[in-house]
Amino acid sequence: MRGEILGFERRRRWSDEEKLGIVIAVGVDDATVMQVAQRHEITWQQIYAWRHDLKNKGLWSPDAGALFLPFDIPTHGVIAIADTPIIAASMAVELRLRNGRSLHFDSSMAAVALTQLIRAVEAA
C-alpha cells in the first residue's frame, strides 16, 4: 500500500479576539453559521464550541448587539377594547443594561422610580 504526502497539516491557533470576531460575524448580513465557517475555513461545530467557550469566559453574550427600543407602559392600568374596560395585568419585566447588569421589576412600577433605579444601577 502506497501513500502520498501532500503537505503537512498545521494546527491553527486563534486568539479570543479572533474567535469573538468570527462568532459575532454569524447573522451579520444574514450570514449563516455554515457560511461564516466556510469563509474562515473552519467547521460549523468549531463556531458553536467557541461560542460556548467564550460565553463561559464572559467574553460573549447571546444578547450582544441586541437592540432595545423604548415603549410606553400605560400608567392608568385600564385598556379599553370594544368599550369594555379591562384591567391590564402586571407582568414581570427584565431589563438588560449596557454594563451587562439586568434588572427584574414589575410592569406596574412607576416610571419615575424605575428611572431612578436604572440611574443608580448604572452609576454603581
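A pocket is an open set of points on a 1 Å grid over the protein atoms alone where a 1.4 Å probe fits, with protein on both sides within 12 Å along at least five of seven lines; lining residues have an atom within 4 Å of a point. The model is predicted: local features need pLDDT of at least 70 and side-chain atom pairs 80 or more, while totals for chains, interfaces and linings use all residues. Residues are numbered from 1 along each chain, and side-chain values use heavy atoms, without hydrogens and water.

The second largest pocket holds about 200 Å³ of space. Among its lining residues are R11, R12, R13, W14 and K19.

Helix α1 (residues 16-25) and helix α3 (residues 44-57) pack at about 120°, with axes 10 Å apart. The contact (heavy atoms within 4.5 Å) is made by these residues:

| Helix | Contact residues |
|---|---|
| α1 | D16, K19, L20, I22, V23 |
| α3 | I47, W50, R51, D53, L54, K57 |

By class, this contact of α1 with α3 has 6 nonpolar, no polar and 5 charged residues.

Notes: Points joined across faces, edges and corners; volume = space filled by probe spheres on them. Axes fitted to C-alpha atoms, helices over the stretch in contact; angles between N-to-C directions. Helix = DSSP H or I, 4+ residues; strand = E, 2+ residues; numbered from the N terminus. Nonpolar A, V, L, I, M, F, W, Y, C, P; charged D, E, K, R; others polar.
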